[in-house]
Amino acid sequence: MSLSLILPEDGRTELLTTWPDEPRVFERGRTALDETVTKGFLHDYAFTGCVPANEIAVVKAPAPSLNQNAFTTDGHTDAAKLTKLYDTGFTIRLGNLQRVVPYLAAVSHGIQQETGYSNYIHAFLTPPGNQGLRHHWDQQMAVIVQISGVKRWQLWRPPVEAPMRQYNESWRVWRDDYIPAWEATGPDTEIDLRAGQSLLLPRGWVHNPYVVDGSGHSIHLTFAIRERTLLWLAEKLVAQAIEDPEFRRIVLPGAVNSPMLPAWMREARQALRGHLDGLDLDELAPAVRKAAVTELEYTT
């Protein structure tokens with residue numbers, strides 16, 4: 001099973017049964033994933049010009065990501081430029097490996113079959129003594145799989161409640177006083193993640209990862225696992241409403257910009273209540289379950 005490639009049995013059980021809201025480090029050991037997606041494999045992939053340019057991000061804290069022109073020629077990945085950037089301290093992020101590496105496509109698919117959650121896989125290559133991304137939080141659970149080297153993770157408790165895509169994402173609600181406040185208090189937890197270990201990083205936890213060792217290169221994979229929520233279920237319950245002609249009835253243009261609009265909204269709410277009350281949930285459940293293990297929502 002795919003989760004067993006990135007977590008030991010106790011970590012897999014914890015993920016599936018409790019969905020932790022506190023960071024946890026697990027001793028993964030060496031699995032078939034480590035045998036296949038090696039340091040050499042990722043270096044060859046990154047620095048031979050094979051990576052699609054739109055799946056590369058190059059960043060060195062505290063500056064933002066570089067424009068694609070910094071590592072492309074005529075719109076294509078330029079291996080020499082990318083190598084030079086890495087050699088001068090830039091972290092290379094290789095995005096969506098599940099789209100371009102058949103082995104990782106199978107791993108990603110397996111995780112979705114086990115959890116019902118869509119997911120994506122990024123790789124981060126950080127040179128010695130450097131840092132790519134600074135303090136931020138993500139809107140989904142991440143399993144950080146250290147492939148080689150050591151990376152230090154400074155972690156702070158979530159500043160917002162239950163972020164998800166298009167809600168409470170760090171870039172949407174960012175405040176300029178966040179980083180000074182976090183640095184003034186220091187992290188709530190600090191972890192030196194080593195090869196053979198995996199970190200469960202729940203959504204919303206602020207993280208500031210960097211390589212301390214001036215002689216060691218760090219490579220890790222991030223398995224970002226998108227939680228299903230009650231909103232997702234609600235969307236599935238509403239989806240079939242379009243089959244009812246009542247929901248395809250036109251809202252008159254004059255109503256939208258007039259005091260009549262609340263009355264139309266009450267009518268729509270009443271129709272929605274009727275639709276939901278009339279659903280056979282046992283009959284609908286197989287279709288929702290199938291959607292959970294097949295839908296691929298992420299476009300990044």
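Arg 93 stands opposite Phe 124 in strand 6. Both residues are also among those closest to the centre of the largest pocket. This is a predicted model, in which local features need pLDDT of at least 70, side-chain atom pairs count only at pLDDT 80 or more, and totals for chains, interfaces and linings use all residues. Residues are numbered from 1 along each chain as its sequence is written, and side-chain values use heavy atoms, with hydrogens and water left out. Helices (H or I, at least four residues) and strands (E, at least two) are DSSP runs, numbered from the N terminus.

- Seven strands make an open, antiparallel sheet in the order 1-10-7-12-6-5-2. Two strands pair if DSSP finds at least two bridges between them.
- Strand 1 (24–27) and strand 2 (56–59) are the edge strands, and each pairs on one side only.
- On average, neighbouring strands of this sheet are turned by 20° against each other, direction ignored. Axes are lines fitted to C-alpha atoms, for helices over the stretch in contact, and angles run from 0 to 180 degrees between N-to-C directions.
- Four bridges link strand 1 to strand 10 (residues 197–201) in the antiparallel sense. Phe 26 faces Ser 198 of strand 10.

- Eight of the eight residues of strand 6 are buried. Buried means under 20% relative accessible area, exposed over 50%, and partly exposed in between (1.4 Å probe, protein chains only).
- Asn 119, Ile 121, Ala 123 and Leu 125 point one way from strand 6. Tyr 120, His 122, Phe 124 and Thr 126 point the other way.
- Strand 5 joins strand 6 through three bridges, and the two run antiparallel.
- Strand 12 joins strand 6 through eight bridges, also antiparallel. Ala 123 stands opposite Leu 221 in strand 12.
- Helix 6 (residues 102–115) lies across strand 6 (119–126) and strand 12 (218–225). The helix runs at about 130° to strand 6. Contact means heavy atoms within 4.5 Å.

**The largest pocket**

- The largest pocket holds about 1100 Å³ of space. On a 1 Å grid over the protein atoms alone, a pocket is an open set of points where a 1.4 Å probe fits, with protein on both sides within 12 Å along at least five of seven lines. Its volume is the space filled by probe spheres set on the points, which are joined across faces, edges and corners.
- The lining has 43 residues, and Leu 133, His 136 and Asp 138 are among the closest to the centre. Lining residues have an atom within 4 Å of a point.
- Strand 6 gives the largest share of the lining, four residues.
- By class, 18 lining residues are nonpolar, 17 polar and eight charged. Ala, Val, Leu, Ile, Met, Phe, Trp, Tyr, Cys and Pro count as nonpolar, Asp, Glu, Lys and Arg as charged, and the others, Gly among them, as polar.

- Strand 8 pairs with strand 9 (residues 189–194) over six antiparallel bridges. Arg 152 stands opposite Asp 192 in strand 9.
- Strand 8 also pairs with strand 11, over five antiparallel bridges. Trp 153 has Pro 209 as its bridge partner in strand 11.
- Gln 166 sits in the loop between strand 8 (150–156) and helix 7 (170–173). Gln 166 is exposed, with a relative accessible area of 62%.
- Gln 166 and Gln 139 are 27 residues apart in sequence and 8.9 Å apart in space, C-alpha to C-alpha.
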